[in-house]
Amino acid sequence: MPTAFALRIITRNGVLFDRQVEHVRLPVTDGTLGVMAYHAPLVAELSYGSIAVRQPGSDKVTLFSCTGGVLHVSREEPVTVLLDAGERAEDIDLERARVSEERARARIAQASRDQSIDLERATAALERALAREETYQKRFP
Amino acid sequence: MPEDLRTIRRKIRTTTSVSQITRAMKMVSAARLRRTQQLVEKSRPYWEGIRRLVRYVAGSSDGLKHPLLSAEEPTNAALILVAGDRGLCGSYNSLVFRRALQALHELPVKVNMLVGVGQRVAAWAKTVGLPLYDLFPAYGGQASDQTYLTVARAVRSYLSQGLCDGVYAVYAPYVSSLQNIPDCRRLVPMECDEIPGREQVQYLFEPDPAELLDALLVRAVEVEVSQVVIEGAASEQAARVAAMTAASDNADEMMEELVRLRNRIRQQQITTEILEIVSGADAITAE
């Protein structure tokens with residue numbers, strides 16, 4: 001029985017990853033989810049964090065930052081991850097993520113006083129920044 | 001030929017500078033076309049993925065109902081009109097508006113909200129006397145996908161506030177750089193008819209089906225709307241490239257005619273002058 005399966009990671013900015021893999025670990029709303037070949041059909045909402053992909057015949061893990069999205073597992077099609085926003089760990093700009101984390105925290109702190117601040121967007125920005133930092137630190141400890 | 005040489009020379013100068021301008025505009029919009037074209041191509045896999053997933057989930061989960069998925073026509077619809085910020089793009093804007101008027105007559109529902117993308121929509125709505133609920137700039141093909149998401153977020157909030165229960169869009173889908181005919185499409189409620197030939201799959205849902213459907217449809221609405229805006233922007237740039245190419249070609253043709261005319265008149269003048277001299281000389285020898 002083959003242990004590899006096809007995985008596609010798609011963002012609004014195009015196809016990020018499209019290869020055979022052995023294992024993928026994803027952040028879901030109540031923890032972490034691991035998918036291997038022959039997983040039962042599943043649709044899941046993703047939370048923020050990092051996605052770890054292991055390709056066949058190698059111990060090396062490819063990391064992606066993830067800030068929410070949807071996962072689709074079925075028998076007929078490649079396992080598909082539709083990411084709201086995400087990138088390869090190697091492409092993350094840590095400095096920028098830190099700056100936007102600061103900015104988002106400041107905005108959230110201000111939101112109770114200032115009506116013009118969109119709390120939903122500020123929270124999303126913070127999650128994005130945290131996901132990037134976490135992924136970067138996992139990749140380059 | 002009654003026109004004198006000086007007028008023609010001036011016309012030649014004008015035509016030259018016009019063709020320089022149109023050529024420059026063509027280059028600018030060609031660059032923007034490439035950018036927006038890339039946006040369209042990059043976002044299509046995501047868009048298609050979400051659309052397919054909506055259909056899978058709607059088809060497999062019996063008894064799952066969602067207002068954004070109902071098969072019935074909505075009662076209270078919003079119409080998004082995607083045109084340009086500026087003119088000089090051939091018939092692009094007017095074709096969109098013509099299609100919009102047609103859609104307003106044909107749609108089986110009452111359109112209560114008109115949402116415009118592109119400054120031209122405001123001017124048009126004023127002339128035809130339709131109130132515009134909201135207006136977004138089209139950014140002339142310079143915006144990123146994030147800016148187009150602002151339109152999508154606004155539409156999402158209309159839906160969640162209950163201002164409308166259906167969304168239609170009149171826009172020009174980007175097919176190729178030569179073909180972009182405006183069309184009217186229903187974005188919400190989404191198509192959820194089953195895909196023929198596909199076996200029903202019993203999915204696991206994480207977290208629970210209702211929450212998942214919510215999460216999925218929020219994304220679906222966003223991507224549907226932003227895709228419409230991005231494709232419209234690409235079509236606008238394509239139309240502008242075509243219009244500016246035609247204008248440059250016309251200017252070239254006009255130049256050719258004007259130069260020919262100028263040469264003929266100049267030749268005529270010379271001939272007349274020579275004739276005068278020769279006939280003068282003849283008159284002297286005859287004496």
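Q: Why does E256(B) count as exposed?
A: In this predicted model, E256(B) has 52% relative accessibility. The cut-off for exposed is over 50%. E256(B) therefore counts as exposed.

Q: What makes E256(B) and R260(B) a salt bridge?
A: Their closest N and O atoms are 3.7 Å apart. The rule asks for a Lys or Arg side-chain nitrogen within 4 Å of an Asp or Glu carboxyl oxygen. The pair therefore qualifies. Both residues sit in helix α5 of chain B, four residues apart, about one turn of the helix.

Q: Which residues do salt bridges with shared partners join into one network?
A: The network holds R12(A), E120(A), R153(B), R156(B) and E222(B).

Q: How do you know that E222(B) and R12(A) form a salt bridge?
A: The closest N and O atoms of E222(B) and R12(A) are 3.4 Å apart. The limit is 4 Å, so the pair passes. Over all chains, the count by this rule comes to 21 salt bridges. The E222(B) and R12(A) pair crosses between chains. E222(B) belongs to helix α5 (residues 209-286) of chain B, and R12(A) to the loop between β1 and β2 of chain A.

Q: Are E222(B) and R12(A) buried or exposed?
A: E222(B) has a relative accessible area of 7%. R12(A) has 9% relative accessibility. Buried means under 20%, so both residues count as buried.

Q: Why is the pair of E224(B) and R185(B) called a salt bridge?
A: The closest N and O atoms of E224(B) and R185(B) are 3.1 Å apart. That value is within 4 Å, so the name applies. E224(B) lies in helix α5 of chain B, and R185(B) in strand β5 (residues 183-188) of chain B, so the pair ties together parts 39 residues apart in sequence. E224(B) is buried at 5% relative accessibility. R185(B), at 19%, is also under the 20% cut-off and therefore buried.

Q: Why does Q227(B) count as buried?
A: Q227(B) has 2% relative accessibility. The cut-off is under 20%, so Q227(B) is buried. Q227(B) is found in helix α5 of chain B. Leaving aside residues up to four places away in sequence, Q227(B) touches V40(B), S43(B), R44(B) and W47(B).

Q: What makes β5(A) and β6(B) a strand pair?
A: Three bridges join β5(A) to strand β6 (residues 204-206) of chain B. At least two are needed, so the strands pair. The two run parallel. A44(A) stands opposite E206(B) in β6(B).

Q: How many residues of chain A and chain B are in contact?
A: 27 residues of chain A are in contact with 29 residues of chain B. The area buried between the chains is about 2400 Å². Carbon and sulfur atoms give 57% of that area. The rule finds five salt bridges across the interface. Eleven residue pairs are in polar contact between the chains, both residues at pLDDT 80 or more.

Q: Which elements supply the side of chain A that touches chain B?
A: β1, β2, β5, β6, β7 and α2 of chain A each supply at least two residues. β6(A) gives the most, with five residues. By class, this side of chain A has eleven nonpolar, eight polar and eight charged residues.

Technical notes: Residues numbered from 1 in each chain as written. Chains lettered and ligands numbered in written order. Predicted model: local features only at pLDDT ≥ 70, side-chain atom pairs only at ≥ 80, totals over all residues. Heavy atoms only, no water. Contact = heavy atoms within 4.5 Å. Buried area = accessible area lost by both parts, 1.4 Å probe. Polar contact = N/O pair within 3.5 Å; in protein donor to acceptor, adjacent residues only side chain to side chain. Nonpolar A, V, L, I, M, F, W, Y, C, P; charged D, E, K, R; others polar. Buried < 20%, exposed > 50% of the residue type's maximum accessible area, 1.4 Å probe, protein only.
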